[in-house]
Amino acid sequence: MRSNASPPLWARPLAVFVLALLCCALWGSSFPAIKSGYALFDIAPDDVPTKLVFAGYRFTLAGLLLLAYAALTGRRLAGFTKKTMGQLVLLGLTQTTLQYVFFYIGLAYTTGVKSSIMNATGTFFSVLLAHFIYHNDRLSANKLAGCLIGLAGVMTVNLGAGLGNVLAFDLTLRGEGFVVIAAFVLAVTSVYGKGISQHLDPIVMTAYQLLIGGLVLLIGGTATGGALTGFTLASSTLLVYLAVLSSLAISIWSLLLKYNRVSTVTAFNFMVPVFGTVLSALFLGESIVEWRYAAALLMVCYGIWLVTKTPHVSQPLVEDTAKAN
């Protein structure tokens, strides 16, 4: 036990601030990057098998990169118990395979701007789950108000563009609906992964999670007729960027979750739709001047700020993670 020692790097406020923002910037960039990948690899919107192969290449490569890093830094890569291996397989199948099946399909049927805002619902799911799992992350009046405001923001972004259609919702299950489902899966599995990280190195945990989930996506996509073609310098570079993005962001996020409260870390998630919206507008030429996008972004950000307006204090690990194990 370190009673009088200074807190680890991952629990220091400045480090949490900088590293969490870096993760959010990387995740925000994934929205235009994936849509650009669809164009560079010439993947049709309804070609689900090839989308799975695309995701499979990305996460398998990300897992291998992390495993290589873990090996070079002397981390333990084998000799785990059957229980730990089962947890890694389950995490890979859910946080990587299941989440990205929904995410990749959903993103193909809506805009990058809209997806980045809809994806922010994951923050509210995380806060609600934390209420039932961690005794020091209970719902408060601010959190409840923030959830309602954020939900209103998500509804606003899906309103019809014209005044005559103000009550009509521009939302589909296969598009925006799948993005929200992906956000929910990520929220649930992040809490589950936090529990695993208490007894397993987060870098190693993330490496196996990405590798297992990526291989399942690759095999599943190939078995159903998917094939990734059109490898050029541009498309290959983009694929490598997406792999590095995943390995870096998920590893850092897992380390932050290990040493801090769920609400402390998810407080920074409001920046994902900001980065995603701006980068989608810059790289995809998507419009962000529609009133509903601006209003929704403000409401979602304000709602998340209210939800997570708690002191950013490092959590007592044994006490707070007991229920998650």
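**A tour of the aromatic rings**

Begin by selecting Phe 178, which has a relative accessibility of 18% and therefore counts as buried, since buried means under 20% relative accessible area. Keep in mind during the tour that the model on the screen is predicted.

Before moving on to ring pairs, note what to look for: a pair of aromatic rings is described by the distance of the centres and the angle of the planes. In this structure the count of aromatic pairs comes to 14.

For one of these pairs, select Phe 41 together with Phe 231, whose ring centres are 5.2 Å apart and whose planes stand at 75°, so that the pair is edge-to-face. Phe 41 belongs to the loop between α1 (13–40) and α2 (48–72), while Phe 231 belongs to the loop between α8 (202–223) and α9 (233–259), so the pair ties together parts that are 190 residues apart in sequence. Colour the two by accessibility, and Phe 41 is buried at a relative accessible area of 3%, whereas Phe 231 is partly exposed at 42%.

Phe 102 is found in helix α3 (residues 82–108) and Phe 178 in helix α7 (residues 173–196), so the pair ties together parts that are 76 residues apart in sequence.

Next, select the cluster that ring pairs link together, whose members are Phe 31, Tyr 38, Phe 41, Phe 54, Tyr 57, Phe 59, Tyr 100, Phe 103, Tyr 104 and Phe 231.

Technical notes
Residues numbered from 1 in each chain as written. Predicted model: local features only at pLDDT ≥ 70, side-chain atom pairs only at ≥ 80, totals over all residues. Heavy atoms only, no water. Phe/Tyr/Trp six-rings, centres within 6.5 Å; stacked < 30°, edge-to-face > 60°. Helix = DSSP H or I, 4+ residues; strand = E, 2+ residues; numbered from the N terminus. Buried < 20%, exposed > 50% of the residue type's maximum accessible area, 1.4 Å probe, protein only.
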